[in-house]
Amino acid sequence: MKYMMFVVADPDAAAEAEPEDELTIDEWLADVESRGKRITGDRLRPVSDATTVRLSHGQMLVTDGPFTESKEWIAGFDILECDNLDEAIAIAARHPQANGGKLELRPFWTDED
Amino acid sequence: MTTDADRATAEAITSVVAAERTSLVASLIRLTGDWDLAEDCVQDAIERALVHWPQEGMPRSPAAWLTTAGRNRALDVLRRRQTERAKLQQRAIMDEMGRDSAEQAGLPDDRLRLIFTCCHPALPLEGQVALTLKTVAGLSTAEIARAFLVSEPTMSQRLLRTKQKISNAGIPYRVPPAELLAERTAGVLAVVYLIFNEGYGQQEDYLAAEALRLARLQVDLMPTEDEARGLLALIAFQMARRSARFDARGELVPMEEQDRSRWDAVLIEEGNWHLRRAASSGRSPGPYRLQAHIAACHATAAAAEATAWGTIVTLYDALLAAQPSPVIALNRAIAIGFRDGYAAGLAALDALDPKALAGYYLLPAARADFLRRLGRSDEARGAYRAAFELAPAGQPEQRLLQRRLDEL
């Protein structure tokens, strides 16, 4: 199964995070790549560099900033190929952003039948 | 004409169906991955049994008869679907039919896979509860809807969304591996305890009875899990008191005024037996075992005055250390009042953090109770009124507070 893993930055959680014995991002990457679990992924520029686009009554509206008003923002993503959700959860739990941020796992929409 | 033989057959069918339904559903889900198909085919097999068995007599192995009927039904339905997936599902069922029972031995019980999947932490809690009641306990959607005070279509939607998430999110149908087992077991026990608490205290308490059955099933399936025994004992002790908790008019009877001869001695012995088995594990007790030991102190006291309050306070201390909670702290303070005297109890209540218990009627109710016993009637009346305002409106708990006020 393919999962999109959003890497979410959360300033409130980051302020409260206790130091833990976690992997560095390079160690995490080395682990998932060696097991063939990561298809691709990247960091994203902060929301101050975001642009939102939509059509309203035939007019194109371009606005500065992200589509949601939230302290949390998507700082990066990884596309994972896992046997099941438990495997994806275990990979997410080892990501350095699990401490001080959060990870959201979304299965790809697949039409099987 | 209904004969004794007919009645015996009907009873035998009911008990076989109750014993086999969950296993059958669980194994068909494993083979096909299709929850609705599994439930429909098992239902169909049960209906066939109800027609055939009274006419033809009970088969030699009713469980095998039901299994075959359920699988054949599934094969019929899948043949009509003609998709690639349906072909794989048919093959899985036929392979299973060709396997002998020696090959099956040693594999995890399918019911355990079912329970762990229903209670996967990625599912919403209300979905975990509903799906456990539907597929493990075998309740109808209408019964579950009634218990949670929602409409049947709403509950139907909830069950559908939960099953869809299992399939869409890739939740595996399995008993979790060792590194996840402790955490996931705690989740499974929590769902059963939640079902119990939802049902217990209601006069129509079929959910609590279901929780007792589920707790027994979990002990059967996980005999070395001493917290599962703790939860079963806790539920058994509380269920033992259920018929004494309400009087003939449906009014709540406080524990110390209950007729202890009406407590169910068989359930109390069941609880004690599981606590002894759990203690023989040598592990230090977890939260369910500690709560069960507290319930045992009440259940085994010959009279209210003979309750081992000293032991109860010690158990609450351990419970607070394992699982800090304002409600446990409140119960500990009440126990201190019965161990050391009502004035000490009042002091213990006043030492609690009122913010943590804001809006909780049992804090002013406990104060009122100690004040009444101390003969401080004016203060007691004020506290009873405060408790009355916060208590669930129109419920037996609130009517008990009104009775106390009237008595003062």
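This is a predicted model: local features need pLDDT of at least 70, side-chain atom pairs count only at pLDDT 80 or more; totals for chains, interfaces and linings use all residues.
In chain A, an open sheet is built from four strands, arranged in the order 2-5-1-6 with antiparallel pairing. Strand 2 (38–43) and strand 6 (101–107) of chain A lie at the edges, and each of these pairs on one side only. From one strand to the next, the twist averages 20°. Within this sheet, strand 1 (residues 2–9) of chain A is joined to strand 6 of chain A by seven bridges in the antiparallel sense. In this pairing, the residue of strand 6 of chain A that stands opposite A:Y3 is A:P107. Helix 3 (residues 85–94) of chain A packs on the sheet, where helix 3 touches strand 1, strand 5 (73–81) and strand 6 of chain A. The direction of helix 3 makes about 155° with that of strand 6 of chain A.

In chain B, helix 7 (residues 125–136) packs with helix 10 (residues 178–199). The angle between the two helices of chain B is about 85°, and their axes are 10 Å apart. Angles of 65 to 115 degrees count as roughly perpendicular, and helix 7 and helix 10 of chain B are therefore roughly perpendicular to each other. Helix 7 of chain B contributes B:Q128, B:V129, B:T132 and B:L133 to the contact, while helix 10 of chain B contributes B:V191, B:L194 and B:I195. Of the residues in this contact between helix 7 and helix 10 of chain B, five are nonpolar and two are polar, with no charged residue.

Notes. Residues are numbered from 1 along each chain as its sequence is written. Chains are lettered from A and ligands numbered from 1 in the order in which they are written. Two strands pair if DSSP finds at least two bridges between them. Axes are lines fitted to C-alpha atoms, for helices over the stretch in contact, and angles run from 0 to 180 degrees between N-to-C directions. Two residues are in contact if their C-beta atoms, placed from the backbone, lie within 7 Å. Angles under 35 degrees count as roughly parallel, over 145 as roughly antiparallel, 65 to 115 as roughly perpendicular and the rest as oblique. Ala, Val, Leu, Ile, Met, Phe, Trp, Tyr, Cys and Pro count as nonpolar, Asp, Glu, Lys and Arg as charged, and the others, Gly among them, as polar.
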